[in-house]
Every structure is written in C-alpha cells, then in structure tokens.
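Please keep the sequence and the structure in view while reading.

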Amino acid sequence: MTLKSYKITFIYIALLLAIPATGQKRNWAIEFMPGISITSPMPLKVDQQGYERMKITAKYKTEPFTSPIYYSYRLGTFKNNKGWSIELNHLKVFLSNTNNVIQQLSVSHGYNQVYINHHISKDKYMWILGAGAVIAHPESKIRDQIYNDKGGLFNDGYYLSGIASQLAIQYPLIDTKHFSLPVEAKISAAYSKIPITNGNAYIPIVAFHLLMGPCFKW
C-alpha cells in the first residue's frame, strides 16, 4: 500500500464519524478489490513561473499490475438494502504523450481517491454513489526541473489536491452470510491541482474501472 496503514487508519476513523448512525443494529463489511483501470484523454494545464501556461490533451497509462498494484478497499455499514461506506481507490496515472517541455509527469504512488459512498441494493445488484477527495503523490520533470518533494500530508509527498466522484455497480459471484466475491464496474471523475517545481499542474481524470475481490461480512 502506498499510504502507511497506520496513517490511513486515522483518516478512516475520522470519516466513519460522518456515516449516519441509528439505534438499530447494522451489519458491517470490508472489501479488498484489485482490478484494472483505463483513463480517457483529458486536458492538462501546466503553470510554471517565468513561462506561459502550457495546454495539451493528455493521454495516460495506468499500469494496474505494476507494483504497487491498482486496488480499492472499502469499509461499510449496512441496514436492509441501504448503507454507507468509506473507500480508498489507488489509481496511478503516467503521462504517455510527453514532450520537450513536459518530460515526465506521473502521479504513481497514487492519484488516490478517498470516498464516502452511499449504497442501494436491488435484485442482487448494488449501486454505489460516492464523493470525496484526491490525495495525490506527484512526480515530474518539466523544463528539466525535477519535482519529487517529500512535503505535504505526513511529510511523505502526499497532497490533498482535489475532488472526486464515482458511480459503480456491483454483483456478487459468490454470496454467503459472512463472505462474498463481488465484481464491480465503475466510472470516476476527479480534478486535482498538483505541485511542480516553481508552479502547478492541473490534472482532471475520468477513469473506467473493473474490480473483483473478497468481501468479509459480520
């Protein structure tokens, strides 16, 4: 995992406080789902001190099977056919159409998307709508100026850098009282402002995801 587990635990505890509570007993579930992701071409803007803004149509690779792999994990609480969850989606993006100015640009220790999700279940299908934040770990080389800073959150190079939303549908291939094996398809849209040397890059991302992994329920 790209964020140290004990640090992300504190974020999760804080987010759990935002989940609506009732006096009725609720069920809980935790999921870990690796998978694949692809991104659509999107506009990329780069502002650097002393230069005019540069705009290109960015194309990204995601390399889901290269360590650290692509994944989502989710902790949720449910009652009847509705529920709430918190989720960390570890998306990676690597600019593939680099040029003489933008020589390297990646958010490869995570274009991490942290969501609060609402779930609605119907006829075995689970619909998931989420909104949250982008926690990005950028690396870049622009006009021969390298950025690989260790500032930001926890002084580890992670920056709270934008907003994100998603819509997903999930279906269990296996479903028992305490275990299921869901397959999930989703689309996400996010916008982030990341630091570069002497400036910033503005990176919107629309991604398509296909995931599958174990879910433990209690």
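How many bridges join strand β6 to strand β7? The two strands, β6 at residues 82-95 and β7 at residues 102-122, run antiparallel and are joined by 12 bridges. This is a predicted model, in which local features need pLDDT of at least 70 and side-chain atom pairs count only at pLDDT 80 or more, while totals for chains, interfaces and linings use all residues. Residues are numbered from 1 along each chain as its sequence is written, and side-chain values use heavy atoms, with hydrogens and water left out. Helices (H or I, at least four residues) and strands (E, at least two) are DSSP runs numbered from the N terminus, and two strands pair if DSSP finds at least two bridges between them.

Within the pairing of these strands, G83 has H119 of β7 as its bridge partner. Six residues lie between β6 and β7, which form a hairpin. Strand β7 also pairs with strand β8 (residues 125-136) in the antiparallel sense, over 12 bridges. One of the links here is that of Y111, whose bridge partner in β8 is A136. β7 and β8 form a hairpin too, with two residues between them, and D123 in the turn has a positive phi of about 55°. A further antiparallel partner of β7 is strand β9 (residues 139-142), joined to β7 by four bridges; in β9, E139 is the bridge partner of S106.

The largest pocket has a volume of about 590 Å³. A pocket is defined on a 1 Å grid over the protein atoms alone, as an open set of points where a 1.4 Å probe fits, with protein on both sides within 12 Å along at least five of seven lines; lining residues have an atom within 4 Å of a point. Grid points are joined across faces, edges and corners, and the volume is the space filled by probe spheres set on the points. Of the 31 lining residues, F78, M126, D175, S180 and K217 are the closest to the centre of the largest pocket. Among the elements that give two or more residues to this lining are β6, β7 and β8, as well as β1 (27-39) and β5 (71-79).

The loop between β6 and β7 holds N99. Is N99 buried, partly exposed or exposed? N99 counts as partly exposed because its relative accessibility is 27%, where buried means under 20% relative accessible area, exposed over 50%, and partly exposed in between (1.4 Å probe, protein chains only). Its side chain reaches the backbone nitrogen of V101 at 2.8 Å, and a polar atom of the N99 side chain lies 2.6 Å from the backbone nitrogen of I102. Leaving aside neighbours within four places in sequence, N99 is in contact (heavy atoms within 4.5 Å) with M54 and I56.

Strand β2 (residues 42-48) contains Q48, which counts as buried because its relative accessibility is 4%. The side chain of Q48 makes a polar contact with the side chain of R143 at 2.8 Å. A polar contact is a pair of N or O atoms within 3.5 Å; within protein, one must be able to donate a hydrogen and the other to accept it, and residues adjacent in sequence count only if both atoms are side-chain atoms.
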